[in-house]
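Please open your viewer and get ready to select residues as we go.

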Amino acid sequence: MKINWSEIRTKSNMLSTFRVFLIIPIYYLIVNFDQSYSYRIYAVSLMIFGVITDLLDGYLARKFNEITEFGKIIDPLADKINIVAIIVLLFYYNEIPAYYFWIIVLRDLII
């Protein structure tokens with residue numbers, strides 16, 4: 001199978017790939033929640049930025065007809081990685097109750 005790089009390197013796919021790596025600064029901020037209240041604000045701001053990029057990548061894919069097989073895989077994968085990683089971290093640091101953790105994890109497993 002030959003990889004068509006021009007199909008992978010679209011604006012919408014780059015946004016989805018960026019969202020996968022966005023978990024790194026979010027992880028750092030969540031791990032350091034107790035150092036400063038501003039870390040919580042930064043973490044939430046990055047999460048909101050991630051949601052905006054998710055909306056934007058879907059819009060761009062439809063507007064510029066950049067719907068690709070890679071995009072069909074990376075977009076939901078980026079969403080799942082971010083949601084599960086954030087929920088696991090918040091649960092581990094006792095920021096959310098156990099029932100909320102299980103609701104989100106089980107919902108993602110079922111989907």
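How many aromatic pairs does the structure hold? The structure holds five, where rings of Phe, Tyr and Trp (its six-membered ring) pair if their centres lie within 6.5 Å, with planes under 30 degrees apart counted as stacked, over 60 as edge-to-face and the rest as tilted.

Before selecting anything, a word on the model. It is predicted: local features need pLDDT of at least 70 and side-chain atom pairs count only at pLDDT 80 or more, whereas totals for chains, interfaces and linings use all residues. Residues are numbered from 1 along each chain as its sequence is written, and side-chain values use heavy atoms, with hydrogens and water left out.

**Stop 1: the rings**

Select Phe18 and Phe49. Their rings form an edge-to-face pair, 5.9 Å centre to centre with 85 degrees between the planes. This pair links distant parts of the chain, as Phe18 is in helix H2 (residues 11-21) and Phe49, 31 residues apart from it, is in helix H4. Helices here are DSSP runs of H or I with at least four residues, strands are runs of E with at least two, and both are numbered from the N terminus. Phe18 is partly exposed, at a relative accessible area of 37%, and Phe49 is partly exposed with 37%. The scale is this: buried means under 20% relative accessible area, exposed over 50%, and partly exposed in between (1.4 Å probe, protein chains only).

Next, pick Tyr28 and Tyr39. With ring centres 6.1 Å apart and planes at 40 degrees, this pair is tilted. Tyr28 belongs to helix H3 and Tyr39 to helix H4, 11 residues apart. Tyr28 is partly exposed at 45%, whereas Tyr39 counts as buried at 19%.

Now show Phe91, Phe101 and Trp102, which ring pairs link into a cluster. Then turn to Phe64: the charged end of Lys11 sits over its ring, 4.6 Å from the centre. For this, NZ of Lys or CZ of Arg must be within 6 Å of the ring centre and within 35 degrees of the ring normal.

**Stop 2**

Centre on Ile86. Leaving aside residues up to four places away in sequence, Ile86 touches Ile23, Ile26, Ile30 and Met47; contact means heavy atoms within 4.5 Å.

**Stop 3: Ala78 and Ser16**

Move along helix H5 to Ala78, which counts as buried at 0% relative accessibility. Not counting residues up to four places away in sequence, Ala78 touches Ser16, Arg19 and Val20. Ser16, in helix H2, is buried with a relative accessible area of 1%.

**Last stop: the whole chain**

Zoom out to see six helices and zero strands. Of the 111 residues, 34% count as buried. The C-alpha atoms fill a box of roughly 45 × 30 × 25 Å, taken along the principal axes.
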